[in-house]
Amino acid sequence: MKPVNRRRPRLRGEGVTAALFAAPALAGLLLFVAVPFGLALGLSLTNLRMGSPLQTRFVGWQQYARVLADPTFQRAMLNNALFAAVVVPVQTTLALLLALAVNQRLRGMVVFRALFFMPVVFPMALVALVWELIYAPGPNGPLNALLGLVTFGGVAPQDFLHDRLLALPAIMLMSIWQGVGFQMVVLLAGLQSIPNELYEAAATERAGRWSQFRHVTLPQLRNPLVFTALVTTVLAFRVFDQVQIMTRGGPLDATTTIMFEAVQAVFERQQVAQAAAMTVVFFFLVLMVTLVQRAAVRQEREVA
Amino acid sequence: MRSALFILTAWCAALAACKQEQPQNPAAESVLRLQAWAHAGREAERRVIERQVRAFNRQPLTADIELTLLPEGEYNAQVQAAALADGLPDLLEFDGPFVYNYVWQGHLLPLEDYVSQELRENLLPSIIAQGTYRGRLWSLGQYDSGLALFGHRSMLERIAARIPAGPDTAWTADEFAEVLRRLARQDADGQVLDLKLNYRGEWYTYAFAPVLWSAGAGLIDRPGCRSATGTLNGPAAIAALQRVQAWIGRRGCVDPNVDDYAFVGRRVALSWVGHWEYARYAEACGDDLLLIPLPDFGTGTVTGQGSWNWGLTRRCRDPRAAMRFLEYLLADEQVLEMTRANHAVPATRSAVARSALHREGGALHLYVRQLAEGWARPRPQTPAYPVMTSVFQQAFDDLRHGADVSSVLDRAAAEIDRDIRDNQGYLPQARAEP
């Protein structure tokens, strides 16, 4: 065979191959993300109602004006922000601590890893039902009984899910419990891929446990940490199942979220256009938060 | 992880659906198979309707029924989605007060041409009232509902409470408050009333709209159904719901009933609930069980009515055959078999007369009196109902948690009125035949 100038043709071929390989994913992205979003954007400018025999009309920004002026929706946005602001740092920190704990080379550690990961496998609906029982009001509710026991009756029994101040923290607590295992596994994988030589080198330089953690573990875990924080943020904004099952947004909108309000609008009141406007607002909020986060903490290139 | 689980579930559901659709009698090709959708209900009800469909199909007729059961949690959403996809069945069951919206949307066929005079006269007036909209009959139910208070006789006798014999001698709201106070004094935790706060969705409207009606208020101005402002947020409505709020509040007497065991476990003396709890309560209490009308908030006791109804959709391929199925369901044997399973009130006078529980002297006769003597009222007969009930449920949930009643009702009324404006008053639509 005669060596020829294959540089350009091969590149073109690669381009086609690349496009072919990317096509299924791109088609999926287009079909299931871009098109529905375009539709939502379009619908949000109309007055479409599911099943209505009336003509659908273009109403401009009216749905947005209504949604943004609605105190319940404002509360939903606030709740989403609060939820993310508490859950993301707490859950990530907790996941890191758990990952460090189960990274010890001790007998039976597999059992603990499995136990901590188990809630992630359970469907949220099931977890929510179980926690509803845990939060049962009255002195016989499991959490109330536990609190009473450890404080020797110093804490009066609470009705967690029907208390304006406690309902959202209660949802946060169960969400963290349910989700922390996933982050733990990601961080555990990160921990185990840190080369042992780094610790040995640090030890020879007489770095203590804390110093090793501070200057070896944390920098090496940077990418997994950024990843888990990002994913947790997006998941935190999507919070819905717990709210739907445990509180239905109550008491007095204390636990309502944007997703919950959108689902209520379309499936309870058939207000498709209004729900579309809510999801568009939601999209831009999440986009903004993600952009800010990306700008603040960049993942290092090698993994990205 | 979760999406994988979802796909798996969806796949299993699809498999199950395919299995259900296997024709039971593949040989009979000339027989028209009419699709019927019904709510899944409790297991006892489900077994009855499935058995009745099987029995109907065994008759040598020109049309069979193919039954699909749907969970009732998001029933209306499923109907709306099917309508959007032009996939409604021939026969559709739905929760009573949604009929007016379905009529407005143009999904139903009027029934009066197919209902015999004999059947019409045999039906309880409440069934006709529920199914009638703008002068035409659109739906029929096999049974109607009953709403009242169940009580432990022994607990009420201990405080020497007067026990109302019928709706005409119902407790006044003040008398009821006094009964609650005296009961609470005898009770360890002071919680003596169960309002089924563990229920969700339609329960709030079904159970507590009667409070408004009894107080001379309502969800919307009747009969025009044009505006909620002034009716839902008027002084009578505010006063009545403030009373209910006071029962529930911190120093109130309502058991939150998280475990749904308050009445059966004798934690409370009174339970504000519908007919569906009779079986469980009767088993737990025996002769100690009493049925008492709801208290009178000013204009006499008023209670709720309405339950699941059948209608024919515009897509129905053979209305006469479909109607034969409804007539079959409304025969005494079928009605009684169903009401023995769910203890609802039989929809026909002849079936009531044959039901030991419901006829004069029966434990549930109060329900029949309420329906037949006009103490029960259908929920607002307007296409705005689905939005109205959603808004009222939210409002009730807010006031249950201590919100200011007046401002909650102001907001709810404004929201209902806005929806009516958005829909240009829900005026009748001229719709071309499909």
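How many residues of chain B are in contact with chain A, and how many of chain A with chain B?

A: First, the ground rules. This is a predicted model: local features need pLDDT of at least 70, side-chain atom pairs count only at pLDDT 80 or more, and totals for chains, interfaces and linings use all residues. Residues are numbered from 1 along each chain as its sequence is written, while chains are lettered from A and ligands numbered from 1 in the order in which they are written.

Now the interface. 25 residues of chain B are in contact with 20 residues of chain A. Contact here requires C-beta atoms, placed from the backbone, within 7 Å. Three helices of chain B each supply at least two residues to the side that touches chain A: α3 (75–84), α4 (99–105) and α16 (385–400). Helices are DSSP runs (H or I, at least four residues), strands likewise (E, at least two), and both are numbered from the N terminus. α16(B) gives the most, with 5 residues. By class, this side of chain B has 11 nonpolar, 8 polar and 6 charged residues. Ala, Val, Leu, Ile, Met, Phe, Trp, Tyr, Cys and Pro count as nonpolar; Asp, Glu, Lys and Arg as charged; the others, Gly among them, as polar.

From chain A, take helix α12. α12(A) covers residues 258–269, 12 residues in total. From its first C-alpha to its last it reaches 16 Å, close to the 16 Å expected at 1.5 Å a residue. The expected span is 1.5 Å times one less than the number of residues. 9 of the 12 residues of α12(A) are buried, so the helix is largely enclosed by the rest of the structure. Buried means 20 or more other C-beta atoms within 10 Å of the residue's own; exposed means 12 or fewer; partly exposed lies in between; C-beta atoms are placed from the backbone. The buried residues are I258(A), M259(A), F260(A), E261(A), A262(A), Q264(A), A265(A), V266(A) and R269(A). They pack against α3 (71–102), α11 (241–247) and α13 (272–296) of chain A, together with α16 of chain B. Q270(A) follows α12(A), and its phi is positive, near 60°.

G402(B) counts as partly exposed because it has 15 C-beta neighbours inside 10 Å. Q242(B) is 160 residues away from G402(B) in sequence, yet 9.7 Å away in space, C-alpha to C-alpha.

Next, the domains of chain B. Domain 1 is 33–144 + 306–367 and domain 2 is 147–303 + 380–426. The bounds come from an automatic or database domain assignment. The C-alpha centres of these two domains of chain B lie 27 Å apart. Their contact takes 16 residues from domain 1 of chain B and 15 residues from domain 2 of chain B. On the domain 1 side, α4 and α15 (365–372) of chain B give two or more residues each. α4(B) has the largest share, 3 residues. That side of domain 1 of chain B divides into 11 nonpolar, 4 polar and 1 charged.

Chain B also holds sheets. One is an open sheet of 4 strands in the order β2-β1-β3-β13, with mixed pairing. Strands pair if DSSP finds at least two bridges between them. Its edge strands, each pairing on one side only, are β2 (63–70) and β13 (308–312) of chain B. The twist averages 25° from one strand to the next. β1(B), residues 32–39, pairs with β2(B) in the parallel sense over 8 bridges. Within that pair, A38(B) stands opposite L69(B). Helix α2(B), residues 43–58, packs on the sheet and touches β1 and β2 of chain B. The direction of α2(B) makes about 165° with that of β2(B). Axes are lines fitted to C-alpha atoms, for helices over the stretch in contact, and angles run from 0 to 180 degrees between N-to-C directions.

A further open sheet of chain B has 5 strands in the order β9-β8-β10-β7-β11, again with mixed pairing. β9 (254–255) and β11 (289–292) of chain B are its edges.

Technical notes
Two residues are in contact if their C-beta atoms, placed from the backbone, lie within 7 Å.
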